[in-house]
Amino acid sequence: MQELKAGTISYEQAKKEFALLESSVIGDVAQAAKQGREKMIAEYAFEQSEKLAEEGEYQQAIALLREVAEGAEGYEEAQKREGQCIEQWAEALDGQIESMRENNQFEEALAAIEEFEEVSGSDRFSEKSKTLLQEKAEYDRQNPLISAEITSVKDGRLYDRYEYNLTNHSDRVLKKAEAVILIFDENGDPIDSVWGGYIKDENGKEIINAETETVKEVALQPGETKECYGYADNDAVKYKICVRSAEFEDGETWENPYFKVWLSEEKDRY
């Protein structure tokens with residue numbers, strides 16, 4: 001223990017040496033080695049966890065405190081300090097979440113909550129997670145990099161032609177976009193599409209009224225809107241559209257984070 005405090009040996013090496021001693025002797029000597037190892041672990045955990053918590057490294061602090069085994073000297077104190085550390089983490093996280101919300105960093109906030117829940121076992125942020133998911137969905141809906149909007153439907157002899165505007169809201173030149181069209185009859189009920197069946201819902205079930213529309217080599221400039229069109233089944237009367245993904249001329253790609261929400265909410269009824 002003195003060598004550890006002096007810095008001439010690492011914490012991990014000290015544990016190994018105690019373990020070797022404990023396994024190589026018997027009786028009172030082995031018991032003394034065991035107690036010495038447990039005491040060293042507790043003292044090191046108490047000292048270092050306090051420093052780590054002050055630095056905001058709560059997960060590392062908790063991990064150290066959890067090395068103090070049940071039944072060992074200092075176990076109850078370690079449990080107490082772990083609870084205090086979790087509470088400090090929660091208080092700090094609460095402020096961090098609010099800051100991330102203000103900056104629309106919803107994914108970062110949700111990831112921070114998930115990490116806290118995994119380590120602490122606490123669900124104190126469960127309601128906040130639900131709120132963040134709702135806010136994220138609304139933000140994603142209102143702020144797509146690429147959007148599409150149905151503008152008109154024209155009758156055709158074999159297939160109806162739907163027209164839509166494709167808009168580039170990003171600061172890059174759009175090369176390719178893939179959108180999904182949902183088709184419905186005059187009553188607003190889904191129609192079984194002859195070109196559908198390739199898109200599945202969150203449960204893996206094929207969506208009968210979904211069609212894919214791809215625009216290639218579009219060279220759509222930032223802020224520019226392009227008039228596009230496609231064809232659907234002749235029985236289709238009403239249409240919905242949402243961009244699923246995009247590729248830019250600089251090689252960057254984008255997956256619309258709102259797409260799955262849109263598909264789940266819009267596929268069953270116009």
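Predicted model: local features only at pLDDT ≥ 70, side-chain atom pairs only at ≥ 80, totals over all residues.
Okay, let's start with helix H5, residues 75-102. How far apart should its ends be? At 1.5 Å a residue, its 28 residues should span 40 Å, and the end C-alpha atoms sit 41 Å apart, so that agrees. Quite a few residues in H5 are buried, including Cys85, Ile86, Trp89 and Leu93. After H5 comes asparagine 104, with a positive phi near 60 degrees.

Now, salt bridges. The structure has 20 of them. One joins glutamate 77 to arginine 81, with the closest N and O atoms 2.9 Å apart. Those two are 4 residues apart in H5, so about one helical turn separates them. Why does that spacing matter? An α-helix has 3.6 residues a turn, so residues three or four places apart point the same way.

Glutamate 127 is exposed, at 52% relative accessibility, while lysine 130 is partly exposed, at 47%. Also in H7 are arginine 141 and glutamate 138, whose salt bridge has its closest N and O atoms 2.6 Å apart. And there's a network too: salt bridges link Asp94, Glu98, Arg101, Lys128 and Glu135.

Last bit, the surface. Glu50, Glu54, Glu55 and Glu57 make a negative patch, and glutamate 54 belongs to helix H3. There's also a nonpolar patch of Tyr159, Val194, Trp195, Tyr229 and Tyr231, together about 520 Å² of accessible area. Tryptophan 195 is in the loop between strands E3 and E4.

Methods: Residues numbered from 1 in each chain as written. Heavy atoms only, no water. Patch = residues over 30% accessible without salt bridge, like charges linked within 9 Å, V, L, I, M, F, W, Y side chains within 5 Å. Areas by Shrake-Rupley, 256 points an atom, 1.4 Å probe, with all protein chains shown as cover. Salt bridge = Lys/Arg side-chain N within 4 Å of Asp/Glu carboxyl O. Lys, Arg positive; Asp, Glu negative; His and termini not counted. Charge placed at Lys NZ, Arg CZ, Asp CG, Glu CD. Expected span 1.5 Å × (residues − 1). Buried < 20%, exposed > 50% of the residue type's maximum accessible area, 1.4 Å probe, protein only.
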